[in-house]
Amino acid sequence: MNNEKLDNLLNLALNATVREREESRELNVGFDAASQTWQVIVKASGGLGQIEEQYPNVQVQTLLNGYAILTVPQELLEELSQRPEIEYMEKPKRLFFAVNEGRQASCLNSLQSEQGISALPGRVPEGLYGKGILVAVIDSGIDYSHPDFRNEDGTTRIVELWDQDLDQVFEAAQINEALRQEGELARYAIVPSRDLSGHGTHVAGIACGNGRASGGLYRGMAPQAPMLIVKLGNSDPDGFPRTTELMQAVDYVLRRAGSLGLPVAVNLSFGNNYGSHDGTSLLETYLDDVSSYWKNVIVAGTGNEGDSRIHTSGNLAAGGCVSRPEERADAGAGNPGGGVSVFRESCVVQLAVGEYEPALNLQLWKSYTDQFEIRLRHPDGSVIGPLNQRQYTQRYETAGTELLIYYGMPRPYSVSQEIYVDFLPSASYVTPGVWEIILTPEKIVDGRFDLWLPGQASLSEGTGFLTPTEERTLTIPSTASKVISVGAYHTVFDTYAPFSGRGSAAENAGQRKPDLAAPGVRITSCAPGGGYSVRSGTSMAAPFVTGGAALLMEWAIRLQNDPYLFGEKVKAYLQRGARQLPGFDSYPNAQVGYGALCVGDSLPE
């Protein structure tokens with residue numbers, strides 16, 4: 001089956017064998033073997049009422065703005081996709097989870113000290129602390145008993161906690177009842193939600209912890225903001241949440257904020273690498289669409305792949321390959337300055353595979369207008385291909401490794417074309433050594449191509465492109481246009497953090513990412529058990545901006561200085577107030593966007 005209403009991965013998964021799906025890192029995501037059902041994301045028009053009536057064994061969860069998540073028996077997937085209500089259907093993807101001097105660096109002193117309050121514009125009688133603005137943290141959960149998430153009387157600051165694993169929503173009254181218990185066992189008997197990794201607890205502390213456990217030393221950005229928490233479910237056997245659960249969480253948060261009548265700042269500190277990174281997947285378009293629902297702002301970290309080896313790129317020309325215009329190499333010569341080299345009028349991308357890689361996948365994205373042959377060279381020197389350029393599943397048997405390939409077509413929302421390659425072991429591991437992807441030009445109009453691997457943390461040591469490029473290493477969904485995308489910098493040295501995901505200088509001005517940077521190196525914040533821990537990453541940078549956005553919305557909406565300060569307007573204010581960091585010739589740029597977060601300078605004059 002090759003159905004243009006389905007995304008490439010779903011088409012390939014339905015064409016793959018059971019063994020191929022089970023060995024792949026991606027193909028079985030969204031499939032439940034016990035019930036033989038698929039969970040899929042759909043973009044729909046005209047409502048899904050008739051589908052619910054005519055297909056009682058199809059579960060429909062309607063989301064905002066014409067999106068939905070369906071659970072469909074495998075034998076019905078093809079039939080259901082042909083329904084006129086269904087515009088497009090995608091398979092879920094895995095998500096990966098990617099603080100005291102940071103407050104000062106983010107220019108909070110003038111907003112939360114008696115000396116600075118009188119100088120603030122508008123009605124700010126007691127400073128800005130996030131009162132009346134919901135801070136929503138969608139993450140690995142929270143230690144709700146931590147003192148930093150409780151009021152002075154010991155009651156919770158959490159309005160609601162939705163634990164997707166437990167499929168339960170715990171209201172403030174239930175959490176307070178649990179907090180009144182003497183011991184941990186009695187507490188968790190009432191509200192059994194836990195943050196096992198500590199990631200969500202740390203993120204929430206940066207955004208809105210009140211510092212009670214440290215005497216105020218490790219206070220977060222919006223310490224008086226009410227909190228809305230979603231613990232993402234881990235439906236996959238290996239424990240990773242999926243994009244479907246993220247979309248359900250965002251839907252819940254925005255609907256709940258609207259019903260409470262409270263503006264909301266939403267924090268997303270995770271991402272994935274599957275997609276064209278141009279804002280056109282259903283997850284990205286969904287976040288852009290719902291940014292206009294109620295009074296919200298959505299913030300996402302750009303990921304920690306900036307200095308990893310998971311991305312490379314180049315530019316094909318009729319006579320060969322140019323990684324950068326000023327670095328053309330002679331045919332047959334190497335090109336160490338770029339992400340690729342030239343070989344017999346072709347681009348050659350070298351991919352090292354480590355000794356113990358159980359499975360691996362590779363995405364090649366290009367403009368559909370460009371035509372070029374694609375071959376792969378095995379570490380033993382044998383050549384596979386050229387690949388057939390028609391849309392269908394292709395299989396190649398090589399020494400020790402099966403290649404499962406899907407040659408995709410443009411989607412309704414993008415002019416890009418994907419060629420997806422799954423490396424599946426014949427025995428236990430993918431053949432180690434240097435593989436080569438050979439691209440030979442036929443008809444080139446645009447010329448740009450990008451290749452991505454899964455996140456570096458999910459790969460074995462030694463696996464990665466030999467000549468990676470740092471541009472376009474932002475993880476999805478920070479690539480969504482209307483999300484505030486946040487990179488990381490080191491506050492001690494005032495320098496860009498090299499791990500922080502980067503955008504591209506070649507992007508259009510309206511699509512430049514990241515939007516700004518925030519502290520993200522060695523940040524101290526809350527840890528499960530009532531104490532604190534130190535972590536680094538753009539996961540830590542994003543909540544600085546989320547909390548800062550809540551302060552702007554408090555000044556504007558709660559204090560009636562500007563009832564329309566939400567969404568893109570918050571982004572514009574933060575960009576205008578951003579502080580320039582040393583070492584950059586121009587702004588915005590692919591590393592830190594418009595500069596470092598400075599909330600105090602982001603209020604309008």
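So, let's start at the hairpin of β3 and β4, where Asn65 has a positive phi near 60°. Four residues sit between the two strands there. Keep in mind, everyone, that this is a predicted model. The strands themselves, β3 at residues 59–62 and β4 at residues 67–73, run antiparallel and are joined by four bridges.

Now, on to the inside. Which residues touch the most other members of the largest nonpolar core? They are Ile142, Tyr144, Leu161, Ile484, Val545, Val570 and Leu597, in a core of 60 residues. Helix α12, residues 538–558, is the top contributor to this core, giving 13 residues. As a general point, nonpolar side chains in soluble globular proteins tend to be buried together.

Let's zoom in on Leu597. Setting aside residues up to four places away in sequence, Leu597 touches Ala105, Ser106, Cys107, Met221, Leu516, Ala517, Ala518, Phe544, Val545 and Leu574. There is also a second, separate core, with 36 residues, including Ile41, Leu232, Val253 and Ala480.

Last stop, friends: Ile438, in strand β22, which covers residues 433–443. Is Ile438 buried or exposed? Its relative accessible area is 6%, so Ile438 counts as buried, the cut-off being under 20%. Beyond its neighbours within four places in sequence, Ile438 is in contact with Ser346, Cys347, Val348, Glu373, Ile374, Arg375 and Arg377. Take Glu373 from that list: Glu373 and Ile438 are 65 residues apart in sequence, yet their C-alpha atoms are 7.9 Å apart in space.

Note on methods:
Residues are numbered from 1 along each chain as its sequence is written. This is a predicted model: local features need pLDDT of at least 70, side-chain atom pairs count only at pLDDT 80 or more; totals for chains, interfaces and linings use all residues. Side-chain values use heavy atoms; hydrogens and water are left out. Two strands pair if DSSP finds at least two bridges between them. A nonpolar core is a set of buried Ala, Val, Leu, Ile, Met, Phe, Trp, Tyr and Cys residues joined through side-chain atoms within 4.5 Å. Buried means under 20% relative accessible area, exposed over 50%, partly exposed in between (1.4 Å probe, protein chains only). Contact means heavy atoms within 4.5 Å.
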